[in-house]
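Hi! Here is the structure I promised to pass on. Have a look first, then read my notes below.

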Amino acid sequence: MLLEIKNLKKKFVNNTVLKGIDLSINAGEVVVIIGPSGSGKTTLLRNINFLEQADSGKMTFKNKRLNLANLSNEEILWVRRHTAMVFQNYNLFKNKTAIENISEGLIFGQNKSKKVALQLAKKSLDSVGLLDKQDFYPAQLSGGQQQRIGIVRATVLNPDIVLFDEPTSALDPELVGTVLYDMKHLADQGQTMIVVTHQMSFARNVASRVVFFADGEIIETGTPSEVFDHPKNKRTKQFLSAIAEDY
Amino acid sequence: MFDSNFAIQSFPKILAVAPMTIYLSIIAAIIGLVLAILIAVIRERKVFVLSPIVGIIVSFIRGTPIIVQMYVVYYGLPQLLIALQRWGINTDSSGISAIIVAITAYSLNAAANISESIRSAYHSVDYKQYEAAISVGMTPLRAMIRIIVPQLIANLIPNFSNIFIDLIKDTALVYNIGIVEIMAKANIISSVGFKYIETYLDALIIYIIICWIFAKLFQISEVIIRQRVFATQRIN
Amino acid sequence: MKVSKVIVTLLNGLPETLSLLVASFFFASLIGLSMAWLYLRKNPILSDLAKIYLGIVRGTPPLLMLLLSYFGLPKLFALVGININDWAKIFFGIVGLSVGWGAYLEEAFRSAYLSVDKGQYEAALSVGMDVKHAFLQILMPQTFLIALPNIENLLIGLVKATSLVYVMGMVDMYSKATDLSNQNQGVYQLEIFIILALLYWLIVLLIEWLFRMFHRYYRYVEI
């Protein structure tokens, strides 16, 4: 088991967003979380690398046991340095070029020398065919290019898990394909991923496990075929039939 | 050390001339606003020859200290009037009062600053608003007056407020040409017994109160205008 | 009187004007940065202090700020037994202008910092940067770029405000001009002040040009 979350709870003011989540992921798995907007999917993801802090719960990551209600700065940094995140709005550093965006984490997160970091960044940028964009600032790139660089920025760190937070939601429809292609390629290479998305075709074709999430709870989990073709829970069925035309 | 009795006695005397400070600022702001609208229109419509000339004058005024501008007007205005007389225009250069000099200098200064604010407020109105107005059949002038200008005014107020407050503070320099306002009075009273700090603190308090009141007035008017224009308040 | 003689005389005051400008801007930035930091600490007492400071400075004519520094500081220091009456006048000029401009710079820094996209900070944390590096590499440069137009305006305002140190008898460009105009018994006064104005304008145009160059260098950084 690479990551195990036990009874994670999170409240915003007086609104409970996560009502005791249990989730475990093996190395090499691609877990896709689907569900209605505002159900807490993104919050769950942000609790895994502590961009938000849970109220209570336990987490075991790489055999290290963590108390989510009481984390030290070292623990937070350690988890962040073994995970990476791809954001809905890309969040490429606006004051850094494409290649600097990628090298930044290697230099300041993994203490690599600038030279080595830039070499690695160059290589990984080349592997997705964006090397000609290395000196461009984010504002000079299309949304699709920005997000693909966002993925490279995450994977170049060689993380144990990559967290995808609705990576294609902000993209124009014609640009979604290239980003999903990069993600599928990553999955094929055995990268462990947790993906929050509304792209049902991606969930169906790439996921090793699909989690249906609603109202801050995991309602149903199983293989793509189990969840999509034979949903057991009434709410899963409702959700799937409501979005039927989308997939 | 610090003569608080003197400070308290001096306070009403200095306060008594505060209307001069306010009067100068308001007159300069009004004349400046009228000129600024003219300048903004000339520059936005890129009027032939006039636009670049006005642009240079605005840059010049914004790039020089107000006290220098005041002296340029102080020494230049009489000469200008004499020159006009020679051209046959009947002017009397002997009767120029310090007030006229101050109002001329401060109005020009305000005009330059306000014109820039009007232009940036104009640019911050979404151009699509104008297109939408035209598309429902308004004439360009009507679209301007009914749709663009109200939004422009709402955007302009915060900057206009800052410029006006700067005007109030800048009038502290007109004592140099013999006008008795807050700063002048503070200087006059303190020079008697060389008790400067007492009267300067009085002046400080008066300035802070005046600036605070006007800043509040502008804030309130912004809220009212935003409610009327957008039916909403700006969220700060 | 020759124009060149006027220019040379006025330029004699330039070093005083420039040293006043540079020193005041440096200390004002220092005040601005530390006040902004205090303000953002979310300590109610500290941020109230910063608010009061800003409120007072907003309503104070720079001239009065200089006078209070010149006449008030010696009295304040005398209270603790230090005699600063003989200190160089430029000291009082720098204090007056830095205290005045520090408040405005504080506001510029703080509002710029608050308008940096929060996602930028999160992204920095997500690639494993610690809080310090996320601040130094991502937040601070972006804050600075956002604040730049305001910083430019404030610097230009400060150039103009240096002319006010005549009240404490400092010999800057402006004082040179008034001296010259008094020596000439009222002749060529207009010319002297027009030349003085042009010199100030030149300094301001130079500053605007420098900021434009800087901005052009970062034209692809859209924040």
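**What I found**

From the N terminus on, chain B runs α-α-α-α-α-α-α-α-α. That makes 9 helices and 0 strands, where helices are DSSP runs of H or I with at least four residues, strands are E runs of at least two, and both are numbered from the N terminus.

Before going on: this is a predicted model, where local features need pLDDT of at least 70, side-chain atom pairs count only at pLDDT 80 or more, and totals for chains, interfaces and linings use all residues. Residues are numbered from 1 along each chain as its sequence is written, chains are lettered from A and ligands numbered from 1 in the order in which they are written, and side-chain values use heavy atoms, leaving out hydrogens and water.

The C-alpha trace of chain B spans about 70 × 55 × 25 Å along its principal axes. Of the 236 residues in chain B, 43% are buried (under 20% relative accessible area, with a 1.4 Å probe and protein chains only).

Now to chain A. It has an open sheet of 6 strands in the order β6-β7-β8-β3-β9-β10, with mixed pairing; two strands pair if DSSP finds at least two bridges between them. In chain A, β6 (83-86) and β10 (217-222) are at the edges with a single partner strand each, so one side of each has no neighbour in the sheet.

How do β3 and β9 of chain A run, parallel or antiparallel? Strand β3 (residues 30-34) and strand β9 (residues 209-214) of chain A are parallel, joined by 4 bridges. A:V31 has A:R209 in β9(A) as its bridge partner.

Cheers!

Key: Buried < 20%, exposed > 50% of the residue type's maximum accessible area, 1.4 Å probe, protein only.
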